[in-house]
2 protein chains.
Amino acid sequence: MSSTSRLRSLNIDNINPHVKEAKYAVRGELAIKSEEYRAQLKHKNPPTPPDSPLPFDTVISANIGNPQQLDQKPITFFRQVLALLENPALLENEEALKSSFNYKQDAIDRARWLLKEIGSVGAYSQSAGAPGIRQSVANFIERRDGFPADKDQIYLSAGASSGVNTLLHVICASPDTGILVPIPQYPLYTATLSILNAKCVPYYLDESHAWGTDLKVIQEAYDKATSEGTDVRAVVIINPGNPTGASLPEEDVEAVLKFAAEKKLVVMADEVYQTNVFVGKFHSFKQVLRKMQKAEPGTYDNVELASLNSVSKGMVGECGHRAGYFELVGFDKEVAAQIYKFISIMLCPPVIGQCLLEVMVNPPKEGEPSFELYNKEYNGVKDGLKKRAQALYEAFKEMEGVEIGEPQGSMYLFPTIHVPEKAVEAAQKADRTPDEFYCLRLLDATGICVVPGSGFGQKPNTLHLRTTFLAPGTDWVGRWTTFHKDFFEQYS
Amino acid sequence: MSSTSRLRSLNIDNINPHVKEAKYAVRGELAIKSEEYRAQLKHKNPPTPPDSPLPFDTVISANIGNPQQLDQKPITFFRQVLALLENPALLENEEALKSSFNYKQDAIDRARWLLKEIGSVGAYSQSAGAPGIRQSVANFIERRDGFPADKDQIYLSAGASSGVNTLLHVICASPDTGILVPIPQYPLYTATLSILNAKCVPYYLDESHAWGTDLKVIQEAYDKATSEGTDVRAVVIINPGNPTGASLPEEDVEAVLKFAAEKKLVVMADEVYQTNVFVGKFHSFKQVLRKMQKAEPGTYDNVELASLNSVSKGMVGECGHRAGYFELVGFDKEVAAQIYKFISIMLCPPVIGQCLLEVMVNPPKEGEPSFELYNKEYNGVKDGLKKRAQALYEAFKEMEGVEIGEPQGSMYLFPTIHVPEKAVEAAQKADRTPDEFYCLRLLDATGICVVPGSGFGQKPNTLHLRTTFLAPGTDWVGRWTTFHKDFFEQYS
């Protein structure tokens with residue numbers, strides 16, 4: 001269309017088609033609708049039935065892992081330190097901090113040390129993050145894995161999402177570049193690949209084996225893609241799984257690394273849920289790789305691994321601060337320099353978030369004044385999450401047409417749902433997939449916002465939904481159970 | 001190269017070529033070298049000559065507008081509020097806040113209100129930012145311009161850079177998409193266009209008229225590009241200018257808007273230096289557009305304007321917090337929905353930064369308890385910046401071979417430098433442009449880091465450099481003057 005015949009420069013048919021193709025259901029139509037409901041309830045006074053036009057009095061945002069929106073309290077030590085960094089004038093009266101506000105000396109000392117490292121939270125840091133904070137991250141990785149880590153291979157980021165965005169930008173060289181992505185997956189991966197006009201090479205996770213990683217399936221996906229001319233460059237693993245909650249055994253991690261070594265693939269290990277593990281133990285890709293390198297010297301020296309972590313998840317749940325990091329292992333130096341240049345264009349990750357990452361990876365130690373409270377709060381969150389997961393799991397087990405495995409980790413349950421035939425027809429009429437239809441009806445009836453399985457990808461002819469288990473109390477679970485029963489009655 | 005013959009998945013020859021092409025000199029080679037010098041000085045004890053292997057004892061980062069790295073103090077009211085948001089437990093003892101820490105009631109009230117709006121700074125907000133904060137931004141724009149603003153057209157971002165990245169991602173539809181970009185420019189624009197594989201359509205600013213915008217030049221650049229098949233979609237204006245410091249008169253703003261209306265171009269108005277104006281007055285594109293729309297109803301209804309602002313600049317200088325916003329005017333609704341989806345993939349801008357933006361656009365008012373101090377601090381920064389600009393300007397005027405106009409705005413001076421013929425030859429030998437050569441020698445001799453004009457673009461056969469005027473004191477200016485004299489002596 002010529003510039004004179006159209007009304008404006010931009011319309012839906014002439015903007016970037018790759019942006020248009022991108023799908024991100026976690027904050028899509030349902031989430032937007034739930035925010036409208038929330039605004040409606042907020043402006044209504046009194047916002048309670050029977051006056052309310054809505055059949056519920058609260059919106060439960062179970063579509064996204066956002067713990068502090070759902071009553072999880074931040075950890076005191078972390079926030080005490082951050083407050084001092086925002087207002088260093090508070091440090092001029094240590095006595096008042098202690099006597100009036102329960103500060104302990106270690107929080108004060110930490111703030112002073114961080115201020116020395118960063119200067120001011122209002123100043124840009126180095127683009128990869130303040131060196132002292134990267135050193136703390138390296139120390140944390142070293143303690144976690146029992147193998148050395150180098151601060152110069154660590155890149156702080158605005159949440160793990162920004163790290164994924166950086167890595168995919170550098171890796172994706174052409175429309176033929178392919179990235180192996182688990183299905184179901186957190187849709188950041190497919191959305192970013194759409195925007196970059198690169199290929200998602202899907203491999204299905206094995207629902208019948210607790211959503212495990214089946215190497216045979218990865219191999220088949222790889223072979224098929226390469227035979228079609230796709231230049232497969234990397235394999236994404238989300239462990240513990242999102243949306244599946246799966247927690248991988250060490251053998252699976254090792255198998256993926258061996259495969260990556262053989263095919264020369266970058267391993268992108270999304271390990272943001274590394275402390276959210278209920279069953280078994282978290283095995284970091286870095287640790288397993290170092291063990292393999294030690295066991296067979298020379299064989300795995302050139303494996304390229306990027307491991308991502310975040311302050312948004314774990315027992316910290318500080319999503320709003322947008323902080324995280326990735327560690328590079330085995331990357332070519334010139335490639336790493338391009339990664340640095342790429343992130344420098346956006347200057348630096350939020351500095352107060354960098355500081356939060358520092359206290360997360362370097363929390364009070366046993367014997368230090370703030371340890372007791374820290375430990376109590378941390379374990380309180382951990383136990384609470386496990387209990388909530390279990391309660392929701394029990395409720396799902398009772399629901400007609402729902403299949404679900406025991407919660408293993410992360411912040412999500414991802415049950416299979418079978419809906420009655422009449423509901424499938426009603427969905428078709430409404431131009432919806434049946435899982436979308438179910439989730440939309442759930443939102444309209446109960447205010448509970450979850451994400452249809454189609455938003456993450458699922459095997460053909462299967463239906464799922466992802467819900468967080470973060471919301472407190474049992475009221476919302478009761479609402480859901482009632483809705484589910486009504487839904488099945490209506491469509492039977 | 002096949003996957004079996006190469007060592008790794010990624011090397012400099014097979015990564016994303018568009019990332020490789022991107023140039024961002026503001027944090028490029030010189031900045032990296034200056035950080036190495038800084039680390040060297042930090043680890044040396046005592047870090048003073050004559051023991052030091054370096055001929056200077058401090059690094060002056062004049063390459064980037066980073067006021068709080070260069071001793072600018074944050075504004076007390078802002079940081080008092082942010083500290084309460086990070087540690088809401090402080091609100092439990094208002095008396096102690098007031099008696100021990102000089103808090104006033106309005107800071108406490110603001111923190112309580114913001115906490116109500118956001119819940120927790122640790123929770124994700126809506127992707128465009130918390131509604132209450134967007135409303136404050138709309139109120140600010142309304143007061144600034146005298147025309148209404150709508151919170152639903154406002155998108156908070158992680159600094160203006162992230163906003164530019166979003167807008168260019170949506171606008172650039174193919175390798176034929178062209179964006180008119182002023183030269184010299186802040187290299188975020190050209191770097192992002194490289195990464196998006198779209199075309200920068202350069203138009204030169206007029207150095208002989210205080211780096212003004214010459215519509216004839218824009219028209220010529222547009223005509224040339226369209227005749228070569230480029231689909232020109234938008235025009236970028238940086239006002240006040242970066243790197244030039246120019247402050248546009250209202251007629252120039254009007255001329256650009258008329259041109260954009262005629263050619264149906266999106267106007268991207270980078271207005272992050274809107275309060276950094278020494279000469280004349282800032283005229284926002286939004287205000288001028290609304291005036292034009294009022295004067296000639298119907299004629300300019302479809303002009304698409306995106307106006308960007310930031311907490312990093314102005315008298316606030318809170319770069320490390322990564323906060324900003326853009327306002328859309330006249331955009332198609334479906335296009336705006338795609339912008340929303342795009343930003344939702346990265347979830348939300350940092351929430352504590354959103355809150356800082358709120359206090360920036362809604363500072364204490366006359367008569368409120370915190371006003372007096374706020375006003376004093378704000379004007380102190382403003383006067384300080386003006387004085388520093390003037391002092392540096394005077395020093396440049398005395399330097400041989402340097403041409404410079406009076407400082408008008410922003411945080412930069414962008415003098416022309418003429419270097420001796422022998423220096424040009426020495427640069428050639430060192431495989432450097434003469435401006436790079438000069439800046440590199442300046443860094444090595446004095447620790448002052450600035451950016452060669454080639455990093456921003458400059459007319460052929462001209463040489464410039466960009467320096468901030470943020471560094472305090474006169475010592476560093478003296479170092480520069482001495483270096484400059486020596487340089488000219490050496491190469492004459």
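The model is predicted: local features need pLDDT of at least 70, side-chain atom pairs count only at pLDDT 80 or more, and totals for chains, interfaces and linings use all residues. Residues are numbered from 1 along each chain as written, chains are lettered from A, and side-chain values use heavy atoms, without hydrogens or water.

An unreviewed UniProt entry places "domain: Aminotransferase class I/classII large" at residues 109-474 of chain A. Such positions follow the numbering used here, names are shortened, and annotations may be inferred rather than shown by experiment. Over residues 109-474, chain A is 43% helix and 15% strand. Helices (H or I, at least four residues) and strands (E, at least two) are DSSP runs, numbered from the N terminus.

**Helix 5 of chain B.** This helix spans residues 105-118 and has 14 residues. Its buried residues (under 20% relative accessible area, 1.4 Å probe, protein chains only) include B:Ile108, B:Arg110 and B:Leu114. The buried residues pack against helix 2 (29-43) of chain A. In chain B they pack against helices 3, 4, 6 and 13. Contact means heavy atoms within 4.5 Å. Just after the helix, B:Gly119 takes a positive phi of about 85°.

**Cavities.** A cavity is a set of points on a 1 Å grid over the protein atoms alone, where a 1.4 Å probe fits but cannot get out; lining residues have an atom within 4 Å of a point. Points are joined across faces, edges and corners, and a volume is the space filled by probe spheres set on them. There are five cavities of 30 Å³ or more.

| Cis bond | Omega |
|---|---|
| B:Asn239 to B:Pro240 | near -10° |
| B:Asn242 to B:Pro243 | about 15° |

B:Pro240 lies in the loop between strand 5 (231-238) and helix 10 (250-263) of chain B. B:Pro243 is in the loop between strand 5 and helix 10 too.

In chain A, A:Ala210 has a positive phi near 50°. A:Ala210 is partly exposed, at 41% relative accessible area; partly exposed means between the buried limit and 50%. A:Leu347 has a positive phi near 75°. A:Leu347 is buried, at 1% relative accessibility.

Notes
Expected span 1.5 Å × (residues − 1). 1 Å grid on protein atoms, 1.4 Å probe; cavity = no way out; pocket = protein on both sides within 12 Å on 5 of 7 lines; lining within 4 Å.
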